[in-house]
Every structure is written in C-alpha cells, then in structure tokens.
Amino acid sequence: MQPEAFDALLYYIYMDSLPAAIRDVDGDRKRELVMDLLAAADRYDIQRLKLICETALSKTLEANTVVTTLTLAEKHHCQRLRQACVQFIASSVDQIK
C-alpha cells in the first residue's frame, strides 16, 4: 500500500470522509490511490469505504483502464464495480458494430 493511501485510510477511519489529498488529485494518480484504498478497505472490511472507492472507479472507466479495473473488482469481490466494467465493455463493443 502506498503511504498516501494508508494516510487516506487512517483519515477515513477517524473522520468518516476522504481527505482532500484524495479528492483534489486528478487523473491516473487519483485512480492509483483509489485502487490502493479499495484494496485496503476490502482487507480491513470497511464496507462503506469500499463502496465509495467502487463508485469513484466506476465513474472513471476508460478503454485503457477497464481490464485492470475489472481484475481489481474480481480480486476484491466488488460486484457493482464489476457490473460497471462489464457494461462499459458491452457498450464499447456495441459502438464498434
């Protein structure tokens, strides 16, 4: 786990919200932090944080990240994130046809 993700985990545990350091970061860096945070939330069984991370990742799906995100969803038993990935892939296939 990256130190920033660990800091965010502790912040969430004590404050019940994500720190500004996560909210204010954009792009790939934010995605990496949220993925680490999701793994930590699953590991420590923090379901609400896990849901927050799933939702954030679902909103940022792209063609070059969907496979990695789907793998993460499978590994950490994230049904909503998995469904979002499958829907994204299906809609991409429909656009190609």
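Helices α1, α2 (20–23), α4 (47–59) and α5 (66–75) are what the buried residues of α3 pack against. The model is predicted, so that local features need pLDDT of at least 70 and side-chain atom pairs count only at pLDDT 80 or more, while totals for chains, interfaces and linings use all residues. Residues are numbered from 1 along each chain as its sequence is written, and side-chain values use heavy atoms, with hydrogens and water left out.

User: What distance separates the end C-alpha atoms of helix α3?

Analyst: Helices are DSSP runs (H or I, at least four residues; strands are E, at least two), numbered from the N terminus. Helix α3 covers residues 27–43, and its 17 residues should span 24 Å at 1.5 Å a residue; the expected span is 1.5 Å times one less than the number of residues. The separation in the model agrees with this, at 25 Å.

User: Which residues does leucine 72 touch, not counting residues up to four places away in sequence?

Analyst: Leucine 72 is found in helix α5. Its relative accessible area is 12%, so this residue is buried (buried means under 20%, exposed over 50%, partly exposed in between; 1.4 Å probe, protein chains only). With contact meaning heavy atoms within 4.5 Å, leucine 72 touches Met35, Leu38 and Leu57.

User: How many residues apart in sequence are the parts that glutamate 4 and arginine 29 tie together?

Analyst: Glutamate 4 and arginine 29 form a salt bridge, their closest N and O atoms being 1.7 Å apart (a side-chain nitrogen of Lys or Arg within 4 Å of a carboxyl oxygen of Asp or Glu). Glutamate 4 lies in helix α1 and arginine 29 in helix α3, so the pair ties together parts whose separation in sequence is 25 residues.

User: Which residues are linked in a network of salt bridges?

Analyst: Arginine 29 also forms a salt bridge with glutamate 32, at 3.3 Å between the closest N and O atoms. Both residues lie in helix α3, three residues apart, about one turn of the helix. Residues three or four places apart point the same way because an α-helix has 3.6 residues a turn. The network comprises Glu4, Arg29 and Glu32.

User: Is lysine 50 buried or exposed?

Analyst: The side chain of lysine 50 meets that of aspartate 42 in a salt bridge (2.9 Å, N to O). Aspartate 42 counts as partly exposed, at 21% relative accessibility. For lysine 50 the relative accessible area is 5%, so this residue is buried.
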